[in-house]
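Dear colleague,

I am handing over the structure below, and I would be grateful if you could look through it alongside the notes that come after it.

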Amino acid sequence: GYTGTLDTFGFTLTISSNFVQNNGDFILENSTINVGASWTENAHATLDITFGDNVVIFNGTSAGRTITSGGLPFNRVKFNGSGGYWTLQDSMTVISTMTFTAGTLDTSASNCSGKSCNVWVGGSWINTGASFVAETSTVTFTTPSAGTQTLTTNGSPFYNVQFNGTGGYWTLRSSMTVISTM
C-alpha cells in the first residue's frame, strides 16, 4: 500500500495483483482502474470519486479474491473476470451503475458483523453474464433523481431488495427473483 496522494488524471491504471491503500488520497479523475485481484481500503485511506466518470473493473480470473471498501463509495463498478470470485468483506456502495459480465460477486455469509454484507447502488444493475451470490444481503437501489435505471439479473436471485430513490424509476430488463423481502 501507499500513503501519499495518487491522482489518475484521466488515465487508465492497471493493477494486475492486489490494490491496498493504507493511508493517503486516491483521486479517480475520469479514469478506468483495472484490478486483477483484491481491493482493500483501510480506515485511514481516502478515495475521491468526485471528478468525472470513473470505473473500477475487477478482471481477475481466479477465486479467493476479496473487496474491502472501508466505507468508501465507488462511482461505477464492473466485474469482468471469467473465473474470478470476489467476496465482500464489508458493505459496498456504488454511486452509479454496477455491471456484471463475467465472474462472481459473493456478499459473504458472515463478514459483516456475522451477517451478509449489503450493497447500495445509485444507478442501474446490469448482469449479462456473471453470478451474484446474495446470501442474506440487502441490495438497496438509491437513485436520487428522475431518470430511468435498468435492472438485468441474468437469473441471479436477490435475497432482500429495497428501492429508496426519490423520483427514481427502475425498469426490469429480465426476470427478477427476490428470495425474502422487497
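Predicted model: local features only at pLDDT ≥ 70, side-chain atom pairs only at ≥ 80, totals over all residues.

Residues are numbered from 1 along each chain as its sequence is written, and side-chain values use heavy atoms, with hydrogens and water left out.

The structure holds 19 aromatic pairs (rings of Phe, Tyr and Trp, the last by its six-membered ring, with centres within 6.5 Å; planes under 30 degrees apart count as stacked, over 60 as edge-to-face and the rest as tilted). Among them, F19 and W39 are stacked, because their ring centres lie 4.1 Å apart and their planes meet at 25°. Since F19 belongs to strand β3 (residues 19-29) and W39 to strand β5 (residues 39-51), this pair ties together parts that are 20 residues apart in sequence (strands are DSSP runs of E, at least two residues, numbered from the N terminus). Both F19 and W39 are buried, that is, under 20% relative accessible area with a 1.4 Å probe, protein chains only.

W39 also forms a tilted pair with F74, at 5.3 Å centre to centre and 55° between the planes. F74 lies in the loop between β7 (65-68) and β8 (76-88) and W39 in strand β5, so the pair ties together parts that are 35 residues apart in sequence. F74, like W39, is buried.

The structure also holds 1 disulfide (a pair of cysteine sulfur atoms within 2.5 Å), formed by C112 and C117 with their sulfur atoms 2.2 Å apart. The link of C112 and C117 is right-handed, with 100° about the S-S bond, and both cysteines are buried.

Notes
Helix = DSSP H or I, 4+ residues; strand = E, 2+ residues; numbered from the N terminus. Buried < 20%, exposed > 50% of the residue type's maximum accessible area, 1.4 Å probe, protein only.
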